[in-house]
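Open the structure in a viewer and keep the selection panel at hand. The tour goes from one stop to the next, saying what to select and what is there.

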Amino acid sequence: MLSRPVRLEIQRLLRSRSLIAVTGIFCGVLLLTGLASWLDVRDHAKTSDRVGAEERRRWLDQGTKDPHSAAHYSIYAFKPARPLAVIDPGVMPFVGETVWLEAHMQNDLADRPQQTTPLFERMGLADPAGILQRYGPVAVFLLAFFVAGRERETGVLGLALGAAARPAIAVHAKAAAVTIVSSAALVAPVAAAGALSLATANDATIDDALRLSVWTLSAVAYVGILSAAAVAIAIAAPSSNRSLTGLLFIWTAWILSATPAASALSERLRPTPSFQDLKITLAREAPPYWSAETGEEQVATLLERYGAASPQELVEKGINLRGAQLDLAERHAQAVFDREIGGFYNRVADQDRMYAVLGWLSPAVAFDVVSAAVAGTDFTHHRHFIDAAEQYRRELVNRMNADLIPHVAVNGQEWTSDERLWAEVPAFDYARQRLSDGAAAAAVAAVALGAWLAVAFAGVSIAARRVRP
Amino acid sequence: MGYEVRRVLASRIVWAVLCLNAAAGAWGAINTARLHRDQTADIERLRSAEAEWYAGLKRQTAAYARPAPEVLPYWQDPTSASGFSRYFLRRFADKPHYPLSPLAVGQSDVLPFAMPVRLETLFGADPAYDFEPPRALSTGVFDLAFVLIFVVPVTLGAAAASIAARERDQQILALVASQPVDPRRWWRRRFAALAVVLVPAAAISVVADLAIAGAPVASAWGDTLAAVALVSAYVLCWLSIVAAAVARGEGAVGAIATVAGLLLMLAVAIPVTASAIFRRVAPPPSAVDDVNARRDAVDAVQGSMRLVVSRGLTDGLGARADELDPMSLDYSTRLIPVTKELERRLQGRADARQTHRRLSATVEAALGWVSPSVAMHAALTDLAGTGQSRHQAFLDDTREFQLSLRRFMYPRVLQAALQPASRCEGCRARMVFTDFDAIPTFAALPLGPRERLATALTTALWLLVLAIGVLVLSFQRLSSWGFGNST
């Protein structure tokens with residue numbers, strides 16, 4: 001019943017050269033950014049894989065040395081780019097991509113791509129989903145204005161709906177036609193870039209294909225919301241002038257300003273503590289090098305633990321005091337990191353949850369959250385990598401210390417190990433988070449997106465009822 | 001003219017738009033001011049922590065200057081020159097905000113505002129940063145610059161278009177045309193009235209927004225005037241585009257669509273395309289490859305440690321270097337020649353980064369001549385002191401500071417290596433280096449007002465020339481009333 005009017009509306013849209021030109025420009029910009037983003041992600045993946053293999057070789061070939069020196073040498077871990085970062089880089093340009101997993105310290109990820117770029121690169125970030133979310137609505141609104149606003153102005157719409165057996169169907173057909181054409185122009189190029197990335201990635205999985213499907217559905221839903229809302233406004237507005245002015249105001253206030261405004265609001269509602277304060281606390285409570293006084297406390301603890309009366313007796317029991325001290329300090333630091341750094345990241349995640357809730361105020365916010373979560377480029381996925389890297393670091397450092405503890409120094413010469421020990425530490429092989437685990441935090445935004453879609457199409461029905469011949 | 005001005009002032013949409021922009025701008029400025037206030041508080045926190053640290057070291061030094069059965073290992077002894085240089089030296093470089101920093105967040109949410117400086121870090125400060133929630137960084141902060149660049153053109157453009165094209169949209173332009181009025185004169189007065197109301201209103205609104213956010217607009221009057229000039233020229237530029245559209249025969253809808261389309265092209269399509277092309281044509285040096293090169297260099301230096309240290313000692317001590325066995329020196333002392341050698345080996349990569357940074361700045365400057373939106377954003381961040389140009393100056397100052405710290409500490413460490421005896425016989429600490437108050441502190445050289453204001457004033461002038469050019473061309477071609485397209 002709906003397909004014929006939809007087809008007719010689409011044919012009408014495609015007959016307008018100026019509209020084709022405008023949507024074509026959007027399509028071209030999205031294809032260009034998708035392609036640029038794919039090349040960036042592909043190059044980064046190649047470099048990370050190559051240098052990651054080099055790191056493993058360096059670790060194994062480091063020669064004979066004190067295991068604690070090996071723990072300091074350690075490895076660098078590189079955050080692998082997710083194939084779908086091509087469609088939505090999310091937080092990736094703003095978080096580090098390398099981390100040194102050395103003893104004593106949970107280092108921050110270093111080398112944030114956006115830290116060294118000029119302003120115009122930030123303005124022109126290769127972010128197809130961002131362009132679709134922020135600027136795509138202009139194309140959608142122009143299409144909606146064309147199919148509904150102009151007819152409304154001339155009175156043709158009133159006559160057509162008056163003559164229609166079921167006016168709501170005719171209006172819904174307009175919204176559906178705008179959704180289909182907008183999706184073809186705005187969503188398809190981005191999804192194609194995502195598919196290209198999956199097809200050329202070495203490590204793409206079924207989970208990635210599922211993610212791309214969900215992202216495409218979400219994007220179509222977002223475009224559907226905008227299309228229906230724009231058609232409803234274009235029909236309900238008293239003049240085409242007010243209709244287009246209203247749509248532009250809506251774009252500015254409800255879409256373009258929505259994400260930074262919601263971000264600022266969530267920062268107000270769920271502020272994060274000072275990061276410098278965190279650093280000061282870490283330097284105080286888990287310093288990488290302990291003082292003489294702390295060293296004395298450590299020795300007392302270890303003597304009690306091993307049931308020895310003096311350090312000399314520990315040596316006689318075959319315990320390397322330095323190794324045991326390193327192990328004690330390391331485990332103490334790990335507990336501090338869990339409490340302080342983990343607590344800080346929990347607050348960041350909490351703020352992100354608040355931002356997702358604000359998706360109820362604007363579909364742009366809801367789509368922003370869902371898009372990054374589904375692409376695997378939000379903070380939840382980033383933290384998964386941080387935690388995996390930290391877990392690996394702890395296992396590596398604890399293994400090195402465990403090797404040192406039962407080997408006392410002989411004639412002042414510290415114990416050394418070789419490749420046999422280094423090979424016991426497996427290569428850092430990061431297992432990416434699956435969609436079902438990683439995107440759970442975005443569920444509220446997904447529900448909001450669905451609700452916005454229902455409300456928008458309900459708005460079309462209401463607007464249709466208000467039109468008089 | 002007076003009648004036209006009164007018409008503009010009587011328009012509800014004008015007042016609605018001005019109030020909306022002022023409120024949005026104030027919120028944006030407050031958001032930025034809050035971020036910068038937090039950063040300033042963090043700098044104070046770091047300063048207090050550093051003062052506490054040195055107070056603690058002085059207490060430790062006093063406690064260790066007593067007879068004890070064992071001498072501390074050098075890395076636990078703050079009075080050992082080499083131990084201090086690696087394990088106790090704490091200094092940081094900070095970048096205080098300019099008076100009008102609430103004008104634009106720029107890159108100040110991404111770039112570090114305080115960086116620990118250590119002797120052995122290669123080429124300057126530690127690559128530390130302040131961890132802002134990354135989602136907030138990706139959405140961007142809702143700041144005054146965002147309002148000025150994106151919101152103001154659309155809202156003021158819509159208001160101006162609806163007033164300018166009212167007669168045309170109400171189909172009464174023919175009535176006006178039947179009067180003895182020259183069309184050019186009529187349009188000129190109309191746009192002069194719009195400019196007389198909207199340009200000062202936008203400029204005053206920005207000053208009020210900054211004042212609400214706590215910026216010292218009166219004492220920093222030079223910066224404030226530059227901001228006013230910049231905003232006025234930018235608003236005039238967009239008004240000239242509305243004027244051109246209306247003069248061409250467009251109705252309000254057409255004029256608004258023109259403004260939105262141009263804004264998308266200038267503020268989005270141009271930077272996106274330029275960025276995509278620039279990254280392919282001149283890709284930035286890979287951070288991952290940097291790590292690889294650094295690790296290779298460290299391995300190579302470790303593999304030839306004796307040679308590297310011995311050569312470094314000869315450079316620093318001359319013939320007296322022969323008195324030292326390179327491999328018996330402690331790790332901190334060996335770090336002096338090792339750091340120097342690593343910097344020598346990795347200089348090429350550091351130079352490549354600098355070259356790329358300079359090229360980026362050149363491309364950004366060139367884009368500013370093509371896109372008023374890019375130019376406006378760059379000028380606002382320069383005036384606010386929140387962009388890359390100021391940060392680069394800060395990094396250069398930080399590197400200079402690191403070198404001054406090295407010049408202070410290295411001779412003391414090498415001297416202690418030549419004369420390793422403790423200055424406090426039988427004490428727990430060596431008491432070789434205790435002059436903590438003499439350690440240099442960081443003092444960034446602030447950019448002078450001329451350097452700060454240069455970009456803003458140049459950009460304002462360029463935007464003004466652009467606006468006048470568009471207006472002159474539009475009105476020159478206006479020979480009839482152009483009843484044209486009403487939508």
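**First stop: a helix pair in chain B**

H10(B) and H13(B) run roughly antiparallel to each other, because angles over 145 degrees are given that name, while those under 35 degrees count as roughly parallel, 65 to 115 as roughly perpendicular and the rest as oblique. Before going on, note that this is a predicted model, in which local features need pLDDT of at least 70 and side-chain atom pairs count only at pLDDT 80 or more, whereas totals for chains, interfaces and linings use all residues. Residues are numbered from 1 along each chain as its sequence is written, chains are lettered from A and ligands numbered from 1 in the order in which they are written, and side-chain values use heavy atoms, with hydrogens and water left out.

Helices (H or I, at least four residues) and strands (E, at least two) are DSSP runs, numbered from the N terminus. Select H13 as residues 331–370 of chain B, and its axis comes within 11 Å of that of H10(B), the two crossing at roughly 150 degrees; axes here are lines fitted to C-alpha atoms, for helices over the stretch in contact, and angles run from 0 to 180 degrees between N-to-C directions. The crossing is right-handed, meaning that the near helix is turned clockwise from the far one by less than a right angle, anticlockwise being left-handed.

Now show the side chains: B:Leu266, B:Ile270, B:Ala274 and B:Phe278 in H10(B) meet residues of H13(B) including B:His356, B:Leu359 and B:Val363, where contact means heavy atoms within 4.5 Å.

**Second stop: H5 and H8 of chain B**

Select residues 144–164 and 183–212 of chain B, which are H5 and H8, packed at an angle of about 150 degrees with their axes 11 Å apart. That angle makes H5(B) roughly antiparallel to H8(B), and their crossing is right-handed. Among the residues making the contact are B:Leu148 and B:Leu156 of H5(B), with B:Trp187 and B:Phe191 of H8(B), and the contact divides into 13 nonpolar, no polar and 2 charged residues.

Moving to chain A, select H9 (residues 206–236) and H16 (residues 363–375), whose axes come within 9 Å and cross at roughly 170 degrees. H9(A) and H16(A) are therefore roughly antiparallel to each other. Residues that meet here include A:Trp215 and A:Tyr222 in H9(A) and A:Phe367 and A:Val370 in H16(A).

How much space lies in the largest cavity? About 520 Å³ lies there, and of the 29 residues that line this cavity, the closest to its centre are A:Arg122, A:Met123, B:Thr139, B:Gly140 and B:His377. On a 1 Å grid over the protein atoms alone, a cavity is a set of points where a 1.4 Å probe fits but cannot get out, and lining residues have an atom within 4 Å of a point; a volume is the space filled by probe spheres set on the points, which are joined across faces, edges and corners. The largest share of the lining, 4 residues, comes from H5(B).

Note on methods
Nonpolar A, V, L, I, M, F, W, Y, C, P; charged D, E, K, R; others polar. 1 Å grid on protein atoms, 1.4 Å probe; cavity = no way out; pocket = protein on both sides within 12 Å on 5 of 7 lines; lining within 4 Å.
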